[in-house]
Amino acid sequence: PTHEIGKALLNRKWYDAIQLILDPNRGEADVARVCSLWFDKQDASECLKNMPKRCNIEIQLLRGIKQYGIKDAYHCLNAIARNTRLMYVHSYQSLVWNRIVSRRLQTFQFRVLAGDLVRDESDSSVRAIEEEEVCQYTIYDVLMPLPGYDIKLPQNRMSEWYVALLEEDGFTLASLKHSVKDYSLAGSYRKILVKPIDVEWSHLTYADVKVSLIETDLQKLDGSFQPIVVDGEDSPKLKAFRLDFTLPSS
């Protein structure tokens, strides 16, 4: 999983990150065969000859290994596009956030708690609310932090949960200020729940499972979208529920 690769990068376990990316147990059969070849022989040149062209990440990494040698695992990894490497560490951040929020909802449902974080309307800063303020807010106002060295933790039980979960993986908030700038995580905040707007829904009846039920952006540009038509009473009729809505930017 991408979060395991991210955790290895944050822990400076460069070789482990390489092995996770080239793990033969992930990916399709043709990719797995080449990754198994890597584990058997660790011959980057031979793996490059056989790796499917669609596997950009694996190809970039193998080229890095061929150039620098596996003993220089750090520079091998840098052959992977920066955005991809950032995706790995951000995946770990999101995993922590998801686990904490899931535990919170299981424990407290949709209650607002003293010590929860909200955005101050006066200056957009993030602050913890007091007991007497709880009734002024709903769950839609509550923020939960993506872990990083420059965030505030909630002033309630969630703070302990963050610290304990990070410690399980060998981290503290301060340690997420990485010696490698690309992997340094300042952190940020996300709302637990948001209300969608522009909500519309409809029932659809269709006969062909290969037919697109929604108009894609490309179809909007080229005008290729075909309305759904079910011909004749004997045509097999499949039913779908289509839901359209808008979410705020993250």
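This is a predicted model: local features need pLDDT of at least 70, side-chain atom pairs count only at pLDDT 80 or more; totals for chains, interfaces and linings use all residues.
Colleague: How far apart are the end C-alpha atoms of H8, and what span should its twelve residues give?

Modeller: H8 covers residues 157–168.

Colleague: Where do the buried residues of H8 fall when you look down its axis?

Modeller: The buried ones are Met158, Trp161, Tyr162, Leu165 and Leu166. Down the axis of H8, its buried residues stay within an arc of 120°, so they line one face of the helix. On the other side of H8 you'll find Glu160, Glu167 and Glu168, which are exposed. So the place to look for the buried set is one face of H8, within that arc of 120°.

Colleague: And which elements do those buried residues pack against?

Modeller: One partner is a helix and the other a strand. The buried residues of H8 pack against H7 (82–108) and S3 (143–146).

Colleague: How are H1 and H7 oriented, roughly parallel or roughly perpendicular?

Modeller: The axes of H1 (residues 2–10) and H7 come within 7 Å and cross at roughly 105°. An angle of 65 to 115 degrees counts as roughly perpendicular. That makes H1, relative to H7, roughly perpendicular.

Colleague: Which classes of residue make up the contact of H1 with H7, and how many of each?

Modeller: H1 brings residues including Ile5, Leu9 and Leu10, while H7 brings Met87, Tyr88 and Leu95 among them. By class, the contact has eight nonpolar, four polar and two charged residues.

Colleague: Is Arg12 buried, partly exposed or exposed?

Modeller: Arg12 sits in the loop between H1 and H2 (14–21), and its phi is positive, near 60°, though the residue isn't glycine. Its relative accessible area is 38%, which makes Arg12 partly exposed.

Colleague: What about Gln109: what is its relative accessible area?

Modeller: Gln109 is in the loop between H7 and S1 (117–119). Its phi is also a positive value in a residue other than glycine, near 55°. Gln109 is partly exposed, at a relative accessible area of 43%.

Definitions and conventions. Residues are numbered from 1 along each chain as its sequence is written. Side-chain values use heavy atoms; hydrogens and water are left out. Helices (H or I, at least four residues) and strands (E, at least two) are DSSP runs, numbered from the N terminus. The expected span of a helix is 1.5 Å times one less than its number of residues. Buried means under 20% relative accessible area, exposed over 50%, partly exposed in between (1.4 Å probe, protein chains only). The arc is that of the directions from the helix axis to the C-beta atoms. Contact means heavy atoms within 4.5 Å. Axes are lines fitted to C-alpha atoms, for helices over the stretch in contact, and angles run from 0 to 180 degrees between N-to-C directions. Angles under 35 degrees count as roughly parallel, over 145 as roughly antiparallel, 65 to 115 as roughly perpendicular and the rest as oblique. Ala, Val, Leu, Ile, Met, Phe, Trp, Tyr, Cys and Pro count as nonpolar, Asp, Glu, Lys and Arg as charged, and the others, Gly among them, as polar.
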